[in-house]
Amino acid sequence: METIPLNHNVFTARLIEFMMSNHPDRMEDTPFILERAATAARTFESASMSGMTVDESMAEAERTLFEGLHFSPYLMVQDVLLLHFGYTEDDDELDEFTLQMLEIVRPLISTHSPDDYFQSSDRYPVLFDQIKDSINQYLVRNGIQ
């Protein structure tokens with residue numbers, strides 16, 4: 001079976017697009033992005049050489065590309081702000097404030113050791129409420145709300 005070589009730039013572009021939407025706080029981690037894209041390209045090539053179809057090879061490469069990135073702390077914090085603090089998706093300061101609050105609650109998030117399946121776990125609503133409480137305390141402490 002013929003292999004189709006893919007330049008890792010294809011995977012770099014896909015990962016950057018995904019990261020911009022789901023992990024904008026990690027956009028500065030260029031070494032991570034480039035290494036992950038190169039690994040995905042190698043995965044695609046290896047899968048293709050082993051006889052997988054192009055679609056199967058791409059699926060394997062994408063599993064590698066997005067592994068560990070399916071849960072987004074950024075989107076979780078943004079959901080808390082949208083649902084409980086009066087923000088709307090078209091608020092100009094939503095992205096900036098989400099990033100600011102993410103830095104405040106990051107230690108809290110790390111205590112839950114979230115993985116790719118965290119959002120569907122019973123721990124997710126617990127962390128969601130903890131983040132809501134933490135943001136509320138921050139706003140009260142700083143006279144913002």
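Begin by selecting Ser113, which is found in the loop between α5 and α6 (helices are DSSP runs of H or I with at least four residues, strands are E runs of at least two, and both are numbered from the N terminus). At Ser113, phi is near 45°, a positive value in a residue other than glycine.

The model is predicted, so local features need pLDDT of at least 70 and side-chain atom pairs pLDDT 80 or more, whereas totals for chains, interfaces and linings use all residues. Residues are numbered from 1 along each chain, and side-chain values use heavy atoms, without hydrogens and water.

Next, display the whole chain. The protein has 6 helices and 0 strands, in the order α-α-α-α-α-α along the sequence. Its radius of gyration is 19 Å, well over the 15 Å that the globule rule gives for 145 residues, so the protein is more spread out than a compact globule (the radius is taken over C-alpha atoms, and the rule is 2.2 Å times the number of residues to the power 0.38). Along the principal axes, the C-alpha atoms fill a box of roughly 65 × 30 × 25 Å.

Now select helix α4 (residues 73-84) and helix α6 (residues 124-141), which pack at an angle of about 65° with axes 10 Å apart (axes are lines fitted to C-alpha atoms over the stretch in contact, and angles run from 0 to 180 degrees between N-to-C directions). Among the α4 residues that meet α6 are Met76, Val80 and Leu83; the α6 residues in this contact include Leu127, Phe128 and Ile131 (contact means heavy atoms within 4.5 Å).

Finally, select His23, Arg26, Phe71, Pro73 and Pro114. Of the 13 residues that line the largest pocket, these five lie nearest its centre (a pocket is an open set of points on a 1 Å grid where a 1.4 Å probe fits, with protein on both sides within 12 Å along at least five of seven lines; lining residues have an atom within 4 Å of a point). Helix α5 (residues 94-110) supplies the largest share of the lining, 4 residues.
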